[in-house]
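Please report on the helix packing and the sheet of the structure below.

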Amino acid sequence: MEPTVTTQLAGDILQTKYALDTFYFLVMGAFVMWMAAGFSMLEAGLVRSKNTAEILTKNIVLYSIACVMYMLIGYNIMYGDSISSMIPGFSFGLGGDNEAAAVLAGGEDAPYYSNLSDFFFQVVFVATAMSIVSGAVAERMKLWAFFAFAIVFTGIIYPTQGMWKWGGGFLDEAGFLDFAGSGVVHMAGAAAALSGVLLLGARKGKYGKDGSVNAIPGANLPMATLGTFILWMGWFGFNGGSELKVSDIAEANATAMVFVNTNMAAAGGCIAALLLARLWFGKADLTMALNGALAGLVSITAEPLTPSPELATLIGAIGGALVVVSIITLDTKFKIDDPVGAISVHGVVGIWGLLAVCLSNPDATLAAQLMGIGVIFAWVFGTSLIVWLIVKAVMGIRVSEEEEYEGLDVGECGLEAYPEFNQTRT
Amino acid sequence: MKMIRAIIKPFRLDDVKEKLLEAGVTGLTVTEVRGHGRQKGHTELYRGAEYSVDFVPKTELSVVVMSEMVDTVVDAIVESARSGKVGDGKIFVSDVEKVIRIRTGETDVEALS
């Protein structure tokens, strides 16, 4: 074969691989974007019907705020040139995309997917973290206080700790492992949620003066179940896309492994949660099974590649059992009112997922995992608490008691999700 | 003329309606209602916590018939609405002073047939 023909062929193969990996990245990003729909449906299903329109408004607007803030400053904080391994750099907007020559140069350092596809994939993760907060503070937080917090969280708080791990910062250097974000995304979202819930307090009527715990059943369980399935599907993008590449045999196999393990962990989590709920409460508790599936997914997110499918199922199952215990403990012992179980699903189980990395990845150390957990939690919880306090001082974070009883749909949005059924319930 | 009002379990409605038609009832009115009797509702379970449903969904049907039909109608309802478990409901019978058919202005017996 003529040398020029060989060069031409090699270039074509590089171009094809670049196109394939970029395409894969974009489609996986779109899968993760769809998780915003999953969170919306899950949360809309688990709140009362009088708060439906408000929580839907919150979900689609928080997604949009996350996109804008991450484009403006967040992405550069997380992946731009940093000042040190702890202090991120600061610049505005998105840079250009790769030059064809750089791609065609080949070799280890050559870019193998579009820069903008990377931004697109990362931006939907920020929105996921912010969605976690939305469910935990549901049914009593002021809509605009939530948006104010979302601006700071998606623009600064999330990207800073993201830089510490995925931007090559000090957590990454310390050997902290978090494949797709059990810590960086899920525990971070839960830490922000916890600080908000502690300041906000429980929904009216949730806890009696005598210490009794009252159930406040969700309005629409088909919707909550649909939301869980959408999240489950979106998670293939969340974990599968985080492999970042599919265009050779090893990477294609690895991606398949990540898909299989992600699926198995969710199944394990769902079954374990349902069995535990049946043994504990005597009934097959649907919403616990839903939370169990999500807990399985969070469990495997820190390391979906190295476990066998059997181990992945077990890791998910432990997460599923853990989430039931955590939800009941937070509710009855600590009186932390979390209508959708977000703090348990993403926070407590996120910690389990980070520790479970040690079960299958020989590069993981317990010390580094604990350090990552401590640092991310302390940073997100601490900074979030400060921001919530500022928002509370400036505009207040909780709606009036009257608005809470009437429903946030009318109070915040001026409409009802189901106007044909306008009977008010407490 | 008597009005017979029956509070029944919603899922018995189809059976009750058929029995009433067989018994010669020509028209009836059905309302979705909620209430409780001696059991004071029941409890349900949500995320491990029990909560009480004080007012259970029920169906109320009302039918106005000539006085001589009352026993037949009451028997038909009892027979078709009974499941033997708590919550089967109650039947109330009361006098009706006057019945008017709006379309024609017919009254009492004519209005009922």
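## Conventions

Two residues are in contact if their C-beta atoms, placed from the backbone, lie within 7 Å. Helices (H or I, at least four residues) and strands (E, at least two) are DSSP runs, numbered from the N terminus.

The model is predicted: local features need pLDDT of at least 70, side-chain atom pairs count only at pLDDT 80 or more, and totals for chains, interfaces and linings use all residues. Residues are numbered from 1 along each chain as its sequence is written, and chains are lettered from A and ligands numbered from 1 in the order in which they are written.

## Helix pair in chain A

Helix H7 (residues 182-200) and helix H13 (residues 366-395) of chain A have axes that come within 8 Å. They cross at roughly 40 degrees (axes are lines fitted to C-alpha atoms, for helices over the stretch in contact; angles run from 0 to 180 degrees between N-to-C directions). H7(A) is therefore oblique to H13(A) (under 35 degrees is roughly parallel, over 145 roughly antiparallel, 65 to 115 roughly perpendicular, the rest oblique).

Contacts from H7(A) include Met187(A) and Leu199(A). Among their counterparts in H13(A) are Phe377(A) and Trp388(A).

## Sheet in chain B

Chain B has an open sheet of four strands, ordered S2-S5-S1-S6, with antiparallel pairing (two strands pair if DSSP finds at least two bridges between them). Strands S2 (29-35) and S6 (90-95) of chain B are the edges. The twist averages 25 degrees from one strand to the next.

Seven bridges join S1 (residues 2-8) to S5 (residues 56-65) of chain B. Met3(B) stands opposite Val64(B) in S5(B).
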